[in-house]
Structures are given as structure tokens and as C-alpha cells.
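Visitor: I have a structure open and would like to learn how to read it. Could you take me through a few features?

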Amino acid sequence: MDKMFTVRLSSDENAVEILDQTLLPNRVEYLRLETPEELFEAIHSLRVRGAPAIGVAAGFGMYVAARSICFDERERFFGALEETGNYLISSRPTAVNLSYAVKRMLDRAMGFGRAEALPLLKAECNAIYNEDRAMCRAISELGLTLVKDGDGILTHCNAGALAATEYGTGLGTLLLGKELGYNFHVYSDETRPLLQGARLTAFELLSAGIDVTLICDSAASLLMKQGKINAVFVGCDRVAANGDTANKIGTRSAAVNARYCDIPFYVFCPSSTIDFSCKSGADIVIEERDGSEITSLFYEKSVAPEGVKCCNPAFDVTEAELITAIVTEKGICRYPYTESLSALFKGG
């Protein structure tokens, strides 16, 4: 991952620059996104993905959009910026970091005209970026207290530096551990249908020199039974107040299998991913994506009969009682999460 970045503000401050993750692992290519429409497409199509990285991109995108607004009057300026923010939020409704970053930028601009708001917005989007870097390091260090050298770790989807700014969340412990001399053996679920595990996690871990084996999602249960898995590491896109967690489709299956085999299941996330306004997983909107991702996206020809109906939810919700611990930058929470999350973040 040397000399690579996931998302940043361009040097002229007129664009958001991202690594196009739809092209990995075969091509490393960066995109320059100058308009809200280009950023919307990049988020929706997963060119930039991972809850923390989406939040950082949104922060930069709101600043770039503010620079392009041509009038200074307070109400008109804020109205235009708010419209852009609502538009960006609609690109991926499940990831709370997106709305969190947009709201932070809008709160910072409120009550100011364009000239006064721009330096404040620049400082705020850079703060979101720097906070994400610090968060990744803190989560990674805490994660090392949960495992030991030589452990076998199962991952699902991708929650490394490609999903954030540095180290990442679910993979951060593995990447930091490698730097500190730990040797883990990682089993990476391919993560159907978009293959984030095959295309991104395997790429990221191999680049870091970590021992990684790619498996079909459906092979995880067998490896658990064989004693090859000591822990499961996943990131997430939203945590409800009761600890229910939304993550890439297939995460709940890994959690159920881990519980049956008495294997700890750890969720890694920044505090910005915790949504206390969402009481439980029942309140989380699950994004439905096009069926072509299942039938034909990575194939020369369709692998399914023409006209077959497809169900393609992007996420599932893992119940709080299946989660051994939720690792945040501020500490490790354990069940019941209605108590531990509240105590850590609200001082209850």
C-alpha cells in the first residue's frame, strides 16, 4: 500500500481525488471528482467505499461544492449547500458516516455567507480526515489486546486502509500487528457478490506481507469446525443503540457460525458509525442493489438464466447478542450494548 491513498482533497482544492476501487486488484487508478454528481456516482458505484472513507469523501466533497457556489448571501449559500448535502446522503443510505460528515459540514457553515464559511469548511473537512486517521490507529491498538501472535482470523468484506484513511478498522489490527512483529493467518471471505474480500482484502493484506488465504464465503463454517479460525474481524456501516450492527451481506452468517463454534466475533468501528437515534437493527434501512451484480457483473456472459428474479441486499443486520465485542477508538464495549455503549459515549 506504499504511496497509495484512498481519498484526499486535491492540491487546488477544486476536487476530491479517490482511488477507484472498482478496478482493483488489476489496475491502480485515481479519479478526480469535481462535481456533486461525480461524487454521488463514485459513492453509489463503490469507487470509494467503506463507511469511514465515504465520510471523509463527503466532507471534502461538501467543501469543494461550497467553493463552486457563486453567491455569498447567507440563506442562499446555505440552501444550496444543504441541497448538495441531501443529494450526497441519498447515494448510500445505510452508511451513517456519510450523513454524519455532511451534517458536520452543514453545522459549520450555518449562519455564514460563502466568504466567511469557506475557511471554516476547509478546517472542518480536514478535521474529519485527521480524526479518521487517529481513530484507525486507536482501534487497531485496542484490537491487538483481543488476539495473540499466530491466531487464525476470518474477515468478511473489506475494512482496511482501503475503507478508511490509514490502517482501517476491521483490518487495522492485522496491518498494525504486522508492523509490530505479529504473525496472523488470515482467511478472507470472497464476499459475494461484489467480491470485496477477493479484490480488496486479499490485495491489501498481500501488499502488506500478511499471510492470507482466500476462501468462498460458504467455506467459513467448515474452517471454523476444523479449528483454523480463532476470531472473526469485521467492520460495519451502522451500529444501533442496542448494538445491532449493519455490515456487508453475509456478516450475520459468519456471526451465527462463530457463535455455534464458540469463536469470538468482533466488530470494529469508529464512534461516528454508532447511531444512538436508531434504537435497533429493525430501524436500519437496508440498501437494495441491482440484480446484475449477482448475475453478470464479473462475468463475460450471464451465469443465470435471462429473466430470473434477483434479491440483492447490500447489507444484513447482526443481532447484538451474537457480537462478542464492539471495538471503537474510545474503548471496547461488550454485551449488553445498551449499557456499555451508553456508558462509554454518553457518560452513563
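Visitor: Which residues line the second largest cavity?

Guide: This is a predicted model, where local features need pLDDT of at least 70, side-chain atom pairs count only at pLDDT 80 or more, and totals for chains, interfaces and linings use all residues. Residues are numbered from 1 along each chain as its sequence is written, and side-chain values use heavy atoms, with hydrogens and water left out. On a 1 Å grid over the protein atoms alone, a cavity is a set of points where a 1.4 Å probe fits but cannot get out; lining residues have an atom within 4 Å of a point. Here the lining is V16, L33, E34, T35, P36, L39, G61, V64, A65 and T84. α1 (36-44) and α2 each give two or more residues, and α2 gives the most, with three.

Visitor: What volume does the second largest cavity have?

Guide: A volume is the space filled by probe spheres set on the points, which are joined across faces, edges and corners. For the second largest cavity that is about 60 Å³.

Visitor: How many cavities of 30 Å³ or more are there?

Guide: The count is three.

Visitor: What about the second largest pocket: which residues lie nearest its centre?

Guide: A pocket is an open set of points with protein on both sides within 12 Å along at least five of seven lines. Y100, E131, S271, S272 and E329 lie nearest the centre of this one, among 19 lining residues. The pocket's volume is about 290 Å³. α2, α4 and α5 each supply at least two lining residues.

Visitor: What span should helix α5 have?

Guide: Helices are DSSP runs of H or I, at least four residues, numbered from the N terminus. The expected span is 1.5 Å times one less than the number of residues. Helix α5 (residues 114-143) has 30 residues, so it should span 44 Å; its end C-alpha atoms are 42 Å apart, which agrees.

Visitor: Which residues of α5 are buried?

Guide: Buried means under 20% relative accessible area, with a 1.4 Å probe and protein chains only. In α5 the buried residues include A117, L118, L121 and E124. The helix's buried residues pack against α2 (51-68), α3 (74-89) and β10 (265-268), among others.

Visitor: In what order do the strands of the open sheet come?

Guide: Strands are DSSP runs of E, at least two residues. Two strands pair if DSSP finds at least two bridges between them. Here four strands run β11-β8-β9-β12, with mixed pairing. The edge strands, β11 (274-275) and β12 (315-318), each pair on one side only.

Definitions and conventions. Buried < 20%, exposed > 50% of the residue type's maximum accessible area, 1.4 Å probe, protein only. Contact = heavy atoms within 4.5 Å.
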